[in-house]
Amino acid sequence: RNGLLRAINQIRAEDLATYGRTLTNAVTNEAQARANGIAYPYPGFRGTVASALREYPQVFGNTTIQDYGAPLGFSNYHSLQVSFNRQIKKGTSIFGNYVWSKALTNTISSMASKNNAPFDYYNLKLDKTFSDGDIPHALKLTFFSDLPFGRGKTLLGSAPAVVNHLVGGWNISGILNYIGGTALSFGSSTPLSNGWNGGSNRDNVLAGDLRAAGFDKSNFNLGNTSAPSNTYIDKSKFSQPAPLLLGTGARRFGQLRGFGTMNEDLVLRKAILNHDRYRWLIRAELLNAFNRSTLAGINTNVNNALFGQVTNITGNRQIQLVTRFEF
C-alpha cells in the first residue's frame, strides 16, 4: 500500500508535451485561458495552466492528492528453492541451500516520498520492474569436518603422543556464500516544467544489450576509473530526454546488475585441553579466506562524466586468532 500510487490531480503526460513551459503561465480569467489554449475551469478560478488542466482544478495549488494506503502496489516473488543436508561420514556434515528467483514490484516503499512516486499515475505499468532486493541466484553452503590427522584417524593414526598432540583434534568449518547482484537503478535529471507534478524523470534507453561489449572484470583499473576497460554499461544506449519530455527507460533493467559476491569464511579450531570441568580452545578465523574481491560503484547517472564506469572494488581477507579457556 502506497498513497503515492494514487496521485489524484496529476496532470497528464500528454499535457506536459502539449503545453510545455506554458504550464506555469497564470490563468485568472477566461481571456488568459483562451490565450493559452485551454478552457477556463470555472468562474473565479485563479491559478496556472497546469492547475487548470488538473482533474480537480478547485483544489488549491498544483499538488497531487494522496489516497492513503491505496491498494495499488503489488509484488510478485517466484522461486525454486533446493536444500540438502548430508552427514557424509562420522565427524563430517554439509548443509546447502540454493534459490533461483525473480521479484517484481511497482513500488519501492510504502513511505511517502517523491522518489517513490509513480512515473505516471495514469500508466502504472511503467513502474513494474525488478525489486531492489531481487537476486536471481543465491547459494549458501555450511560444513563441519574433523580433520583426518592423529591417533585413530586416517593419517598419522599411530603417531607418537607429542606428534598427536600437535596434529590431532583439529576440525574445520565454514560458511560459503555465492550471491548474484541486484538490478541497477536509473534516473534522469532532465528538468521538467514546474507545472509537472508526476514522478521524477527517466533516461531514454534504446533496445538491445545494455552491457558494454568486451567488458572483463579482470581488467579493472582502480588507478583510472575513467579507463575504457572500466566501462560496464553501453553508454550509446542511454541519453537524456529532450526538454519537457518524459524519458522512455525503466527504473531498473534486469540485464544490468551489480556484481555478485563470492565469499568463504573458514574456521580452524582445536581443543588443547579437554576435560569434564574445563577446556582450553584455540581457533583461527579466516574471513574471506580466498581473498576474493567484488567490483562496485557502477555510475548510473547519465549526466556524470563517469556514467557507465565501474569505480570501486571491495573485499579483503581478514585473519583472527582466538584462544579461550572454559571452566
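Here are some questions and answers on a predicted model. Local features need pLDDT of at least 70, side-chain atom pairs count only at pLDDT 80 or more, and totals for chains, interfaces and linings use all residues. Residues are numbered from 1 along each chain as its sequence is written, and side-chain values use heavy atoms, with hydrogens and water left out.

User: Is Asn 201 buried, partly exposed or exposed?

Analyst: Asn 201 sits in the loop between strand S10 (183-185) and strand S11 (204-205). Strands are DSSP runs (E, at least two residues), numbered from the N terminus. Buried means under 20% relative accessible area, exposed over 50%, partly exposed in between (1.4 Å probe, protein chains only). Asn 201 has 6% relative accessibility, so it counts as buried.

User: Which backbone nitrogen does the side chain of Asn 201 reach?

Analyst: The side chain of Asn 201 reaches the backbone oxygen of Leu 245 at 3.2 Å. At 3.0 Å, it also reaches the backbone nitrogen of Gly 247.

User: Is Trp 280 buried, partly exposed or exposed?

Analyst: Trp 280 belongs to strand S15 (residues 279-287). Its relative accessibility is 34%, so Trp 280 counts as partly exposed.

Technical notes. Helices (H or I, at least four residues) and strands (E, at least two) are DSSP runs, numbered from the N terminus. A polar contact is a pair of N or O atoms within 3.5 Å; within protein, one must be able to donate a hydrogen and the other to accept it, and residues adjacent in sequence count only if both atoms are side-chain atoms.
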